[in-house]
Amino acid sequence: MSKEMLSAFEALEKEKGIKKEVIIDALEAALVSAYKRNYNKAQNVEVIFDEKKSDIKVYALKEVVEEVFDDRLEISFPDALKINKAYELGDVLKFEVTPKDFGRIAAQTAKQVIMQRVREAERSNIFNEYSQYQDEVVQGEVQRQDNKFVYVNIGRVEALMSRADQMPNETYKPQDRIKVLVSKVDNTTKGPQVFVSRTHADLVKRLFEREVPEIYDGTVEIVSIAREAGDRTKMAVRSDNKNIDAVGTCVGQKGARVQTIVDELGGENMDIINYEEDSSDYIANALNPAEVIAVQFDEEQNSCLVIVPDYQLSLAIGKRGQNVRLAARLTGYKIDIKAESEVEFVEDTEEAEASTEVSTDDSPSESTEE
């Protein structure tokens, strides 16, 4: 083994982060197999790499026994004592059996081991690196796309963005630069696979953390997010500091902070509301911009009936039921909405359903155009 090979090990440690000792251990193990394969030797052997001399030796291992059954694996106790009187039964002796041309095989094996270790180390390093980025936002560049994925270069790896993670209002073209959330990192037999998303609610959260220092440092807390990617997001915020307007802090002066995030998400609307400990107030805020007259709860069903002015009914429901649907996700309650004029009728006739009743299902019973 040449000194140049040892220098190559040291270079790999610096450039790839693969420890020299790891390569040497792997090389020694591979050379044991190479020795048995090339020299048709089945006995126990050990390969030792001497770093100081840059040399490799092969040793046959034999156990000291009272009676020898296989002289390739064993040595008798009397014969062992002839070598050294300190040997005892059960000791293992080493006998050098290095073939003359073993250097050639060692060089070929070393090359294979190095290539394999480099691949494994790169996979491991990539997995470890991007595992740290899971649930975080990274900048990426669109490379290409097929029927299943958009492929986004996020540094040392080409991440996968599935159809479900693609914004319905966006078209992705090569060299487009986009911010994505690292949603999952898998270590597969083919190497690390990184999955990213533009639709995950946490993308909005991370973008606000970047844009609003008060969220990043914990002065303002994001309590809940409900999102229909590419269209509208509702976000509830709060602050324990009474001198801080949580909503105003997120919106920023003249809307500058929230507008930055809206632009990043292709014009997605942002409703930022104050979180309230009182569930009635919280639900009323969540249905913003509609005005709420009263909220009646059915705690057993984790649902509530929200009463709004007649002229606010469509606004409370929202286009295609979106406003009430997002409010339900945000608050965790199933929300039914009724117009004020229908309340007495419903109370007098419990079995009747007002035609204007709207649940949080995706298919409301009446037109929900704002």
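In this model, N153 sits opposite E158 of strand β7. The model is a predicted one, where local features need pLDDT of at least 70 and side-chain atom pairs count only at pLDDT 80 or more, while totals for chains, interfaces and linings use all residues. Residues are numbered from 1 along each chain as its sequence is written, and side-chain values use heavy atoms, with hydrogens and water left out.

Strand β7 covers residues 158–162 and runs antiparallel to β6, with 5 bridges between the two. (Strands are DSSP runs of E with at least two residues, helices are runs of H or I with at least four, and both are numbered from the N terminus; two strands pair if DSSP finds at least two bridges between them.) The hairpin of β6 and β7 has 4 residues between the strands, and G155 there takes a positive phi near 125°.

On its other pairing, β6 meets β5 (residues 137–145), again antiparallel, over 4 bridges. Here N153 of β6 is the bridge partner of E141, and a hairpin of 3 residues links β5 to β6. Strand β6 itself (residues 149–153) is mostly tucked away, with 4 of its 5 residues buried, meaning under 20% relative accessible area with a 1.4 Å probe, protein chains only.

Turning to the helices, α9 (residues 279–286) packs against α11 (residues 322–331) at about 140°, the axes lying 9 Å apart. Axes are lines fitted to C-alpha atoms over the stretch in contact, and angles run from 0 to 180 degrees between N-to-C directions. Contact (heavy atoms within 4.5 Å) involves Y282, I283 and A286 from α9 and A327, L330 and T331 from α11.

Key
Buried means under 20% relative accessible area, exposed over 50%, partly exposed in between (1.4 Å probe, protein chains only).
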